[in-house]
Amino acid sequence: MAVQPASTEIVSRTSAVINELKGLEGPLLPILHGIQDEFGYVPGESLPVIAEALNISNAEVHGVVTFYHDYRNHPAGRHVLKICRAEACQAMGGDSIAARVQQLLGVGFHETTADGSVTLEPIYCLGLCACAPAAMLDGEVIGRLDEEKLEEIAAEVRS
Amino acid sequence: MGLIQEIDFGTPASTSEKLVTLTVDGFEVSVPEGTSIMRASMEAGIAIPKLCATDMVDAFGSCRLCLVEIEGRNGTPSSCTTPVAPGMVVHTQTGRLKTIRKGVMELYISDHPLDCLTCAANGDCELQDMAGAVGLRDVRYGYDGDNHVFKKSGGVENFKWMAKDESNPYFTYDPSKCIVCSRCVRACEEVQGTFALTIEGRGFGSRVSPGMHQDFLSSECVSCGACVQACPTATLTEKSVIEIGQPEHSVVTTCAYCGVGCSFKAEMRGDELVRMVPWKDGKANRGHSCVKGRFAYGYATHKERILNPMIRENISDPWREVSWDEAFKHVAGEFRRIQYQYGKDSIGGITSSRCTNEETYLVQKLIRAGFRNNNVDTCARVCHSPTGYGLGQTYGTSAGTQDFDSVEHTDVAMIIGANPASAHPVFASRLKKRLRKGAKLIVIDPRRTEMVKSAHIEAAHHLPLKPGTNVAVVTALAHVIVTEGLFDEQFIRERCDWSEFQDYAEFVSDPRHSPEEVEKLSGVPADEIRGAARLYATGGNGAIYYGLGVTEHSQGSTTVIAIANLAMLTGNIGRKGVGVNPLRGQNNVQGACDMGSFPHELPGYRHISGDAVRDIYESLWGVKLDNEPGLRIPNMLDAAVEGTFKGIYIQGEDILQSDPDTKHVQAGLAAMECVVVQDLFLNETANYAHVFLPGSTFLEKDGTFTNAERRINRVRKVMAPKNGLGDWEVTQNLARAMGLAWNYTHPSEIMDEIAKTTPSFANVSYDYLETMGSVQWPCNDKAPQGTPIMHIDGFVRGKGKFIRTEYVATDEKTGPRFPLLLTTGRILSQYNVGAQTRRTANVMWHDEDVLEVHPHDAENRGIRDGDWVRLASRSGETTLRAVITDRVALGVVYTTFHHPDTQANVITTDFSDWATNCPEYKVTAVQVSPSNGPSEWQREYNEQARQSRRIEGHLEAAE
């Protein structure tokens, strides 16, 4: 796979994020978060720019980006729904919640609905075990999920 | 013979001097503090099972196979990451450990193909060995679930499976065989320093990825082979091993490329070379290699190699193949005729920096004793002759002061006019390793080379000077050191001549040498010069490494002297981590100089006018030697054009392509009556030859090469010469045909003669090299083990000599017609004139010479990236493609000279160093303009070359 030359727009927006965060100690992860905030994902064209700025190799940046689930390599839907699939939530009926949400949205995990409204993702522990089963919609946590709440969520993201 | 098996201790050696004693499986062993249990155990002769550990890289602790139990400690720590402690009692084999290891192995094998019989690594697979070592008998998990092994699982496409990457010409990457031990990634980072590999993904999805999920060829990979060597499985495998099979015996020899002089194991199957593997005991490379030495040996068996002697009356005739005897008789007859007709001094010869010391010695002996003149020169004339002069004048020896290991103690490295990442890659890797540990770097170079900034290294100061202003800039550094009182007075008083220092201090203190003044002519900001000078003078151990960017100037010798002055001023001479180190271009250019290849010097740099020295050789050789220096290469060519020089014997050098002002070289060669070329291929010079004597490769003969650190390394014959004779035998037979009674039966006898006649080689012999591995000259009764570091207690010449270094601008100046400055250099994948590397798959990286142009200069001229451009100077013109880059400064263009189609040396002028005639390759005033394709001259040249390579009875010309 040949690397496409970076478009100037992505490069300049990437550089702006880098310049803001470069001074931090261990700046790579904050920069990647910043870029994901900027673009909604981490564009492949940003990677060599980061590598150049931090004086590390393209491979190193790629290794870090692909290690973390949270960094996407393409844009997500308008909403991101994360359903906790970790042990406590599974014990509290998480499996049926997972099945139901896939049914309601018509997509599997790691997929985005055809209308681009929502991306469904599994997550492993939101630290909300006391309120299991739990989920996170666009950064907001939701506890004690049940069928009703799921339908509400589905309706909201579809609207 | 057998295959040389090097012990893998699992983790690198500790440098601590304090010993720690522990018990491993009941045996007491004492090792340096900081050693891992794994290594200590191996020292005791007990090999702990391991997969992710190898002693070229730091411990990682991921494979969980090397676990041990330690009395008094809980759990089963990994032996690679656990350091030894006094009194520790270690058990490497217990019931608990056996069970864990078997379980770990079972999991590894459950995601690994079981095609061992047809696998390329069969016979050289650590995974296979470990399965055997832990007694794995069964894999209970099967292959039905998730795996990386099969393209399809249960009839469905398996997306975890990845196809084999065969993009690199020399090795393949088969992800299905990968156990994700990270050895390749760590080798690329720690040993090579390129950081081209990573592990992408996580958990079961982890895979090795070159670059950003690219193939190897398009990634940042430089194909050094460190990953292939580190791989414990068939995941990274040499294509030659896939094709041929495992080697059955190996021989340690020395690489025939650059002046680093890496030691390799030539691994053989019969007389077929399977692969070259860097040898860990090699003191120059310490187990590392670059793409040239590791992989680019295919030229040795290339179809264009000439294997039969050939002669012709005129250079317009086709070649006629003849017997060796006829060739020798013909040459001897012609040379004697020419001498009879035009005088004794009308013939001469050129020794080769690619041949062995022994061969070089014989060629100069043939010229001095057989031709009875001193018309001998070598290609060092066009590269490092100013080093010989400059260091000889100031310190008393014509060589670098350090060994390569010294860089591990350097705090501030200064690189002047060199790009080791391209031209001396293994040294660059060692330097980068030191830089990553915190050493500082100063780069003085017109271009922003890889050394200025690349992954994890960045020069503290880059001085992008205008080509040709070296002397001014280095003198300005001295100005800062002297005027700011940063010099080492005690060192200077003890080791140098104080009055000469005072004179030099007065000279450099003059305001015209100040950074502010020098900025005006060099373009280097004064602050950078001041910063660099302060850092070098006060940053601890300061070492200077320099290359042809220093020597190949009209003031090359002056710059070398200025560098030597800097080191003396700051006391950076005579211990580890400091020194002045010329990076030698060719494998044996140091040796060729040592062996008396210069017209004014007998072996060991002793002037030909010295009666005592001549006596030694006169009595041994039984001839009277001429006490006047002979002609240098440029003088030979001038004399040829004038009609007084008519015959030349050129061993292994392509002067037409490598020497400056190609047209002048052409004219000189064309004016001669007998040009004898001894080479592997019909090189460019051979287009003007009357006799061609086929040469032999470094794989086909015994001998020694001397590298840039004065290290005499053995070259060992691994196959019979395809042309029938080693180069030393060719010279010997030629000498016999000319009536000399030579009778060497083996190159070791030639080395014995060298040792007998040359004090700095007095204790060198093949037997001694066999025991020592290698040795650095001087090696004599005063230094029986050789001399890794010179000038320890004082300079060889007595007191170090400061010499004034007045900057005189070169006569080659830019003007309205030629407003740009051309400078030339090297690229990683190609070597010198490219005769060898162009005949290997290395052309995949660099298949033509290109011209680097700054974006502004390009825009002014309407040149786009990839355009054909015409490059013209006062000497000539050529065409090539342009690459637009700001690596070069405004007003500077840059190219390489690896390809004869371009002939960059048509452009270069015949200006040369005032002291040594070393040509000024690095500065030529040029103009660049858009062009449609090859110039008239290039077309004519190529046609002439084609005509000249015809061989009677062969349908096609050889190249």
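The C-alpha centres of domain 2 of chain B and domain 4 of chain B lie 36 Å apart. This is a predicted model, in which local features need pLDDT of at least 70 and side-chain atom pairs count only at pLDDT 80 or more, while totals for chains, interfaces and linings use all residues. Residues are numbered from 1 along each chain as its sequence is written, and chains are lettered from A and ligands numbered from 1 in the order in which they are written.

**Domains**

- Chain B is assigned domain 1 (19-133), domain 2 (152-301), domain 3 (332-383 + 588-762), domain 4 (395-582) and domain 5 (820-948); such bounds come from an automatic or database domain assignment.
- In domain 2 of chain B, 16 residues are in contact with 12 residues of domain 4 of chain B (contact: C-beta atoms, placed from the backbone, lie within 7 Å).
- The domain 2 side of this contact in chain B has eight nonpolar, seven polar and one charged residues (nonpolar: Ala, Val, Leu, Ile, Met, Phe, Trp, Tyr, Cys and Pro; charged: Asp, Glu, Lys and Arg; polar: the others, Gly among them).

**Contact between chains**

- Chain B places 21 residues in contact with 15 residues of chain A.
- Strands E8 (197-200) and E9 (207-210) of chain B each supply at least two residues of the side that touches chain A (strands are DSSP E runs of at least two residues, helices H or I runs of at least four, numbered from the N terminus).
- E8(B) gives the most to that side, with four residues.
- By class, the side of chain B that touches chain A has seven nonpolar, nine polar and five charged residues.

**Helix H19**

- H19 (residues 556-569) of chain B has 14 residues and reaches 20 Å from its first C-alpha to its last, close to the 20 Å expected at 1.5 Å a residue (1.5 Å times one less than the number of residues).
- In H19(B), 14 of its 14 residues are buried (20 or more other C-beta atoms within 10 Å of a residue's own, C-beta atoms being placed from the backbone).

**Strands**

- An open sheet of seven strands in chain B runs E15-E14-E29-E28-E27-E16-E17, with mixed pairing (strands pair if DSSP finds at least two bridges between them).
- Its edge strands are E15 (320-321) and E17 (376-378) of chain B, each pairing on one side only.
- E28 (residues 674-679) and E29 (residues 691-694) of chain B pair in the parallel sense over four bridges.
- Strand E38 (residues 924-930) of chain B has five of its seven residues buried.

How values were computed
Two residues are in contact if their C-beta atoms, placed from the backbone, lie within 7 Å. A residue is buried if 20 or more other C-beta atoms lie within 10 Å of its own, exposed if 12 or fewer, and partly exposed in between; C-beta atoms are placed from the backbone.
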